[in-house]
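Open the model in your viewer and keep the selection tool at hand. The tour starts with the whole chain and then moves to single side chains.

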Amino acid sequence: VEEMDLTDMSFLPCPCGYQICLLCFNYIQNEGNKQCPACRSEYAEEKFKALTPPEKKKKDEGSGEDDSGWESKGGKQSKSRASHKDKKGGVTFPGFTGRVHDMLHQAVDIGHVTKGDLDERALSDLKNLPERGAVAVLSEFMKKDMSRIRNKSAFLNGIICRVQEEIARDG
């Protein structure tokens with residue numbers, strides 16, 4: 001298994017956010033079933049996204065982004081949390097407070113995730129959960145061995161979906 005380069009990491013061919021290298025994508029398009037391996041929807045060129053990897057974004061562009069590369073979309077946050085920068089690369093999690101914020105930073109501190117591992121969709125879905133649900137998601141996520149997980153955002157979204165179903169079922 002090879003690491004994905006910056007070009008691969010900036011290419012998202014499916015709205016589900018599943019990352020796939022260009023070599024594998026071309027193989028699927030030319031010789032495979034033309035479907036996303038994660039959600040099985042057929043690839044449509046008009047839905048492709050090309051992202052600028054966080055390492056290439058410039059913080060002084062005035063784009064409203066923090067220096068982690070994850071965009072802040074106007075989420076409310078307390079001043080103490082907003083000014084907090086993690087020791088490992090200045091990772092911030094805009095819009096998160098309390099236990100969820102602390103657990104996200106703990107995941108970075110222990111090396112479970114690094115800057116850029118969690119995309120905007122995964123963080124947004126996590127924000128939309130009630131705090132007890134988000135804590136349950138992060139607890140399960142942090143118990144897992146991430147050494148073989150290539151797309152941590154998609155993995156986190158899978159856990160989020162399961163917890164959402166449990167919350168809906170339990171009322």
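Buried residues make up 34% of its 171 residues; buried means under 20% relative accessible area, exposed over 50%, and partly exposed in between (1.4 Å probe, protein chains only). This is a predicted model: local features need pLDDT of at least 70, side-chain atom pairs count only at pLDDT 80 or more, and totals for chains, interfaces and linings use all residues. Residues are numbered from 1 along each chain as its sequence is written, and side-chain values use heavy atoms, with hydrogens and water left out.

Switch to a surface. The protein chain exposes about 10600 Å², and carbon and sulfur atoms supply 47% of that area. The areas come from the Shrake-Rupley method with a 1.4 Å probe; for residues, only the protein chains shown count as cover.

Now show the cartoon. The protein chain has seven helices and two strands, in the order α-β-α-β-α-α-α-α-α along the sequence. Both kinds of element are DSSP runs numbered from the N terminus: helices are H or I with at least four residues, strands are E with at least two. Of the contacts (heavy atoms within 4.5 Å) between residues at least 6 apart in sequence, 49% join residues at least 24 apart.

Next, select Phe25, Tyr43 and Phe48. Ring pairs link these residues into a cluster. Rings of Phe, Tyr and Trp (its six-membered ring) pair if their centres lie within 6.5 Å; planes under 30 degrees apart count as stacked, over 60 as edge-to-face and the rest as tilted. The count by this rule is three aromatic pairs. Take Phe25 and Tyr43: their ring centres are 5.0 Å apart and their planes at 70 degrees, so the pair is edge-to-face. Phe25 sits in helix H2 (residues 22–31), and Tyr43 lies 18 residues away in the loop between H2 and strand S2 (49–50). Both Phe25 and Tyr43 are buried.

Turn to Phe48. The centres of the Phe25 and Phe48 rings are 5.4 Å apart, with planes at 85 degrees, so this pair is edge-to-face. Phe48 is in the loop between H2 and S2, 23 residues from Phe25. Buried or partly exposed: which is Phe48? Phe48 is partly exposed, at a relative accessible area of 27%; Phe25 has 7%.

Finish at helix H6. Its buried residues include Val135, Leu138 and Phe141.
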